[in-house]
Amino acid sequence: MYKEFEISDKAKDLVLKAEESLKDEFKKIDEACDINSLKVLNAFHNNNISEAHFNSTTGYGYDDIGRTAIENVFKEVLGAEDALVRSQFISGSHALCVALFSYLRPGDLMLSITGTPYDTLHEVIGIKENKSSLKSFGILYDQIELVSDDFDYEKIKHYLTSKKVKLIEIQRSKGYSTRKSITIDKLEKVINEIRKVDKDVIIMVDNCYCEFVEEKSPCMVGADVVVGSLIKNLGGGIAPNGAYIVGKKELITLAGERLTLPGEGKEVGPTLGINKQILQGIFMAPSVVSSSLKTAILTSKVLEDLGYKVEPKYNEKRADIVQNIIFGNEDDLVRYCGGIQSASPIDSFSKPVPWDMPGYDDKVVMAAGTFTQGSSIELSCDGPIRPPFIAYQQGGLTYSYGKLAVMKAVSMLLDNDK
Ligand SMILES: *Cc1c(COP(=O)(O)O)cnc(C)c1O
């Protein structure tokens, strides 16, 4: 059967051998999964989740008990005072945009302390010109770079004592950069340092790809507001769309009034039949995140054994589900992505080729055969066509499917005729 699937004996043996050596790593992942599952189950029980919560509203969406229950579950699981979990957010980027427009007013200063933010925020902030940007409303922006994959603590403190900053943005996952992602320990440390010099600045965390990787989440270490996507970790591969903002009560109220309208805020927003999927999604999320992590660690080990540079290494502490493979040449990158695509459940017959994409300077190759369009908690792999030809791989709804995909991608990589 493996042969029929075009998995070579060599690739299969390599992967199984690597898997043998990962028992200790997998055990740590299982432990985090147990703790996060316990948190979710506890939140379901504390909120008496029942079948009635699967019903939903239409029109204005007044009195949607399922929506309220979902938001109570999210706030509890993420250790926040309040939550806004909505399918009216069309993506994580949209939720980040709504949050920024909720808190910043003309003349306010926003500061990123993790260098340049995620690509989709460039036009939101006005780093790239756009007539609807924060900049167009007179909101100022500045950034402080990371140094050796950590915060520039002294520079941040000096900045905060010399200027009045309204909001600090911290992006945990690396996006299309080569830096390391920010662990909860590092996040906690920088928040403590910030609070020594500024008690009021709003600390906002872009938590995309990081949920349930560790046992703590950003609100538990002092973040004021945290944003993420439901077609990533917390949707568990089941939520059909949406995003969340959690945090301090007054900040969630402001976000609700920006997403809908002043005066109605969180009280409106029809759920149109997706409450069950959102609840089932967060219920599955701890396990799906651990499948993704195991797939990432297996990939890291196998590709390192094959002589490629990888980041993170299989035994490194992880903050997110993203695995980088530094291929060093276009051919290997494209061939590997082709293997991931051909092992996908959907569109397995398509062959990804490097192409121009809106918003990117270089051509990009993208492999994704997903049930939900753009879902990257499902196994997906992509990379910009520029040296050093890095693949960004993430997701995996189950470990078995992830493992098969790695076997297939490695077969393609080793088969130079294809
Ligand atoms: C994916 C991602 C986003 C935005 O997510 P979309 O849902 O694709 O808009 C923002 N920041 C980071 C770091 C991400 O990885």
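Figure 1. Look for Glu215 in the loop between strand S5 (202-206) and strand S6 (225-229). Helices (H or I, at least four residues) and strands (E, at least two) are DSSP runs, numbered from the N terminus. Leaving aside neighbours within four places in sequence, Glu215 is in contact with Glu31, Ala32, Ile35, Asn36 and Lys39, where contact means heavy atoms within 4.5 Å. Lys294 is 79 residues apart from Glu215 along the chain, and their C-alpha atoms are separated by 16 Å. A word on ground rules: residues are numbered from 1 along each chain as its sequence is written, and side-chain values use heavy atoms, with hydrogens and water left out. Since this is a predicted model, local features need pLDDT of at least 70 and side-chain atom pairs count only at pLDDT 80 or more, while totals for chains, interfaces and linings use all residues.

Figure 2. Most residues other than glycine have a negative phi. Tyr209, not a glycine, has a positive phi of about 75°. This residue lies in the loop between S5 and S6, and with 11% relative accessibility Tyr209 counts as buried. Leu272 is not a glycine either, and its phi is positive at about 50°. You'll find Leu272 in the loop between helix H8 (249-259) and H9; at 56% relative accessibility, Leu272 counts as exposed.

Figure 3. Most peptide bonds are trans. Glu311 and Pro312, however, are joined by a cis peptide bond with omega about -5°. Pro312 sits in the loop between strand S8 (309-311) and strand S9 (323-326). Pro387 and Pro388 are also linked through a cis peptide bond, with omega about 5°. Pro388 belongs to the loop between strand S11 (380-384) and strand S12 (390-394).

**Figure 4. Helices H1 and H11 cross obliquely.** The axes of H1 (residues 9-20) and H11 (residues 399-414) come within 8 Å and cross at roughly 130°. Axes here are lines fitted to C-alpha atoms, for helices over the stretch in contact, and angles run from 0 to 180 degrees between N-to-C directions. H1 and H11 are therefore oblique to each other; angles under 35 degrees count as roughly parallel, over 145 as roughly antiparallel, 65 to 115 as roughly perpendicular and the rest as oblique. The crossing of H1 and H11 is right-handed (left-handed if the near helix is turned anticlockwise from the far one by less than a right angle, right-handed if clockwise). On the H1 side, the contact is made by Lys10, Ala11, Lys12, Leu14, Val15, Leu16 and Glu19, and on the H11 side by Tyr399, Lys403, Val406, Met407, Val410, Ser411 and Leu414. By class, that contact of H1 with H11 has nine nonpolar, one polar and four charged residues. Ala, Val, Leu, Ile, Met, Phe, Trp, Tyr, Cys and Pro count as nonpolar, Asp, Glu, Lys and Arg as charged, and the others, Gly among them, as polar.

**Figure 5. H3 and H9 run roughly parallel.** The axes of H3 (residues 65-77) and H9 (residues 275-305) come within 10 Å, crossing at roughly 15°, and the two helices are therefore roughly parallel to each other. H3 passes H9 in a left-handed crossing. Gly66, Arg67, Ile70, Val73, Phe74 and Val77 of H3 make the contact with Asn275, Ile278, Leu279 and Ile282 of H9. Sorted by class, the contact of H3 with H9 has seven nonpolar residues, two polar and one charged.

**Figure 6. H6 and H7 are also roughly parallel to each other.** The axes of H6 (residues 153-162) and H7 (residues 184-197) come within 9 Å and cross at roughly 30°. H6 passes H7 in a right-handed crossing. From H6, Tyr153, Ile156, Lys157, Leu160 and Thr161 take part in the contact, and from H7, Lys186, Lys189, Val190, Glu193, Ile194 and Val197. The contact of H6 with H7 divides into six nonpolar, one polar and four charged residues.

Note on methods
Buried means under 20% relative accessible area, exposed over 50%, partly exposed in between (1.4 Å probe, protein chains only).
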